[in-house]
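Here are some notes for a colleague opening this entry for the first time. They are set out as numbered points, to be read with the model on screen.

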Amino acid sequence: MHGRGGQGAVLAATILASALVEEGMCAVAVPSFGFERRGAPVAAFVRTDSKEIRQMTNIYRPDCILCLDPTVGHTVNIFEGVRAGGTLVQTTNKPLADLLLPPAIATVGLCDAVTIALAIFRRPITNTIMLGALAKTTGLVSLAALRAALEASEFRDAGLAQNLTALQRGFDETVVQHLDKADRAA
Amino acid sequence: MSAVIQPRKAQYVVCDGNEAAALAVALARVDMVAVYPITPQSSLVEYLAKFVADGKLAAELVDVEGEHSVLSVLQGAALAGARTYTATCGPGLAFMFEPYIRTPGLRLPLVMSIVTRDTLSPQSVWGGHQDAMSVREAGWIQMYCESVQEVLDTVVMAYRIAEDHNVMLPVNVCHDGNYLSYGSTRIELPAQDAVDTFLGTPDVNWHAALDPLRPMAIDPLTGGAGGVGPALFVGYRKGQCAGMHNALEAITATHQEWGRITGRQHAPLIEEYRMDGAEFAILTLGSMTGAGKDAIDEARTRGLAVGLVKVKTYRPFPVAALAAALNDVKAIGVVDRSVDFGWNCGPLYRDTLSALHHVAAPIRSQSFIGGLAGADITVEDFGRVIETTSALVRGAGGATIWINDKDRAPA
């Protein structure tokens with residue numbers, strides 16, 4: 001999970017882990033860390049499995065990349081180590097053809113989360129929107145479980161309502177595309 | 001997340017190690033908490049402040065001006081009969097050193113989490129065991145946690161161990177900054193009444209008290225070369241050592257009782273993982289252990305006769321348990337997350353070599369140091385530790401191997 005300080009990548013990782021647990025899976029969320037600076041690149045890692053997860057480590061070979069920010073990929077190679085047949089869920093207002101993707105990426109979910117966030121929060125906080133986008137793109141976690149995890153979190157009242165809307169709009173407004181081998185070679 | 005402790009039933013919550021420690025403090029019905037925030041401990045004391053504000057923790061929280069005052073406040077509180085808690089790390093622990101080193105001699109059963117952080121300089125705000133290791137001979141009991149669940153369980157258990165009348169010593173519950181302080185996973189939150197029965201009513205100042213109804217002088221002047229000074233001083237020191245020794249039994253009994261009521265059997269002193277028929281072993285401390293166990297499973301699949309020993313209780317050092325566990329292996333690789341500067345190896349490595357003096361046959365050994373200042377020790381890193389230690393069975397060990405010395409941030 002890649003983002004910038006202030007977009008809520010760390011919180012999103014915890015909420016995703018809670019939602020996965022809600023669905024009976026085991027999950028571990030480990031945020032990477034640094035000095036707390038708004039705008040600086042931030043990463044967080046989520047592992048999920050049907051059996052107990054023992055390793056408390058970062059992830060170097062991700063199956064799926066969730067990117068909360070449209071430009072952090074210019075600073076950090078978000079595709080580092082991605083496995084063949086991998087998935088990208090990306091915040092962007094650009095069409096798929098404008099993105100530079102490595103051949104390992106087989107599925108892409110695109111969501112203009114910044115525009116949605118500005119409409120809902122008046123700030124570019126994209127984390128809960130992109131959790132909706134992740135659910136739509138991967139089916140890894142249900143919208144109902146994410147909703148339950150948000151309701152159990154520290155969000156309250158108007159803030160909770162906004163984030164539930166954000167989650168739903170992220171899910172509804174994400175366009176999922178499967179790349180065939182020819183696309184990926186091109 | 002916003003977990004609510006239930007009076008009569010256990011439940012599952014998802015939280016990080018810092019919140020788990022704070023939840024344990026609430027479950028232990030601590031009377032007095034003194035705090036000063038420092039990375040990566042800060043969110044822990046923020047949770048405590050929130051729990052007090054929300055009425056989840058009926059403690060008096062004192063927000064003091066620095067760590068020296070934190071522990072001084074808690075010494076007074078314990079002498080007045082309170083169950084007490086704080087947490088710190090790194091530079092905060094350094095600033096706390098004067099009251100820290102007095103606490104065991106006062107025989108006060110304080111519980112303090114060290115959210116372990118590497119020491120300065122060079123500047124760093126990230127995890128490592130160097131802070132806790134730097135105070136390992138101050139007379140506190142020190143236990144290291146592997147998982148978020150073990151953080152919660154061990155903070156609760158720490159009160160029973162510290163307050164045991166045969167122990168009466170302060171306890172550090174160490175959990176790794178970053179990987180455990182911020183790593184989130186599902187844990188079971190025990191029911192309040194189970195913890196109430198387990199811990200009982202605090203009885204912490206039966207031996208020394210600040211109490212107007214039974215006035216006494218605390219911390220008498222002792223020592224020197226004449227009068228009763230030397231005998232008194234030596235008597236107190238021997239008492240401290242006896243308390244430390246008794247702690248081995250108290251820690252074991254407490255873990256057994258906790259296992260009986262919760263179903264979770266954490267190894268009290270050391271945990272032996274796949275040591276049956278092991279020709280060689282690796283040793284670990286703290287949150288690195290999970291990746292170590294995964295690497296052991298992979299190595300066993302490849303036919304290597306390797307096991308793992310996790311040291312949970314570091315002070316008092318479990319000499320007999322460790323010597324028994326390693327009695328039949330030919331080689332060991334010890335992974336430390338800190339440095340013993342005097343010996344140019346890891347501190348657990350050096351302590352383990354001392355314990356091996358009690359083993360009949362010589363055992364070949366290798367010190368590995370990794371995970372400094374937040375560096376990651378991965379399953380692949382443990383794979384290399386296992387390969388190197390495997391070769392040791394038929395050859396001599398070498399100089400300390402630094403696991404992360406070539407790691408760079410990805411381009």
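Which residue just after H2(B) takes a positive phi? The first point below comes back to this, after a word on the helix itself.

1. This is a predicted model. Helix H2 of chain B covers residues 42-53. The length of the helix can be checked by a simple rule: at 1.5 Å a residue, its twelve residues should span 16 Å, and the end C-alpha atoms are 17 Å apart, which agrees.

2. The buried residues of H2(B) are Ser43(B), Leu44(B), Val45(B), Tyr47(B), Leu48(B) and Phe51(B).

3. Confidence comes next. Chain B has an average pLDDT of 96, and 99% of the residues score at least 70. For the complex, the predictor gives an ipTM of 0.94 and a pTM of 0.96. Where pLDDT is low, the predicted coordinates should not be read in detail.

4. On overall form, chain B contains 13 helices and 15 strands. Its C-alpha trace spans about 70 × 60 × 45 Å along the principal axes. A compact globule of 411 residues would have a radius of gyration near 22 Å; chain B has 21 Å, so the two agree. Of the 411 residues of chain B, 52% count as buried. Among contacts in chain B between residues at least 6 apart in sequence, 79% join residues at least 24 apart.

5. Chain B is divided into domain 1 (11-207 + 243-262) and domain 2 (270-402). The centres of these two domains, taken over C-alpha atoms, are separated by 27 Å. Their contact takes 27 residues from domain 1 of chain B and 20 residues from domain 2 of chain B.

6. Which elements give two or more residues to the side of domain 1 of chain B that touches domain 2 of chain B? They are helix H6 (130-134), strand E6 (141-144), strand E7 (171-176) and helix H9 (229-262) of chain B. The largest share of this side, five residues, comes from H9(B). By class, the side of domain 1 of chain B that touches domain 2 of chain B has 14 nonpolar, nine polar and four charged residues.

7. The contact of the two chains takes 22 residues from chain A and 24 residues from chain B. On the side of chain A that touches chain B, the elements that give two or more residues are helix H1 (9-22) and strand E2 (26-31) of chain A. E2(A) gives the most to that side, with six residues. The residues on the side of chain A that touches chain B divide into twelve nonpolar, seven polar and three charged.

8. Two peptide bonds in chain B deserve a look. The bond from Thr39(B) to Pro40(B) is cis, with omega near 0°, and Pro40(B) has its place in the loop between E2 and H2 of chain B. A cis peptide bond also joins Ser121(B) and Pro122(B), where omega is about 0°; Pro122(B) is in the loop between E5 and H6 of chain B.

9. Positive phi values also occur in residues other than glycine. Arg122(A) has a phi of about 60° although it is not a glycine. Arg122(A) is found in the loop between helix H3 (113-121) and helix H4 (127-138) of chain A. Is Arg122(A) buried or exposed? Arg122(A) is exposed, because 8 other C-beta atoms lie within 10 Å.

10. Ala373(B), a residue other than glycine, has a positive phi near 50°. Ala373(B) is found in the loop between strand E14 (364-369) and helix H13 (379-392) of chain B. With 20 C-beta neighbours inside 10 Å, Ala373(B) counts as buried.

11. Last, Asp63(B) is found in strand E3 of chain B. Asp63(B) is exposed, because 12 other C-beta atoms lie within 10 Å. How far apart in space are Asp63(B) and Leu308(B)? From C-alpha to C-alpha they are 42 Å apart, and 245 residues apart in sequence.

Methods. Residues are numbered from 1 along each chain as its sequence is written. Chains are lettered from A and ligands numbered from 1 in the order in which they are written. This is a predicted model: local features need pLDDT of at least 70, side-chain atom pairs count only at pLDDT 80 or more; totals for chains, interfaces and linings use all residues. Helices (H or I, at least four residues) and strands (E, at least two) are DSSP runs, numbered from the N terminus. The expected span of a helix is 1.5 Å times one less than its number of residues. pLDDT is the predictor's confidence in each residue, from 0 to 100. Domain bounds come from an automatic or database domain assignment. Two residues are in contact if their C-beta atoms, placed from the backbone, lie within 7 Å. Ala, Val, Leu, Ile, Met, Phe, Trp, Tyr, Cys and Pro count as nonpolar, Asp, Glu, Lys and Arg as charged, and the others, Gly among them, as polar. The radius of gyration is taken over C-alpha atoms; the globule rule is 2.2 Å times the number of residues to the power 0.38.
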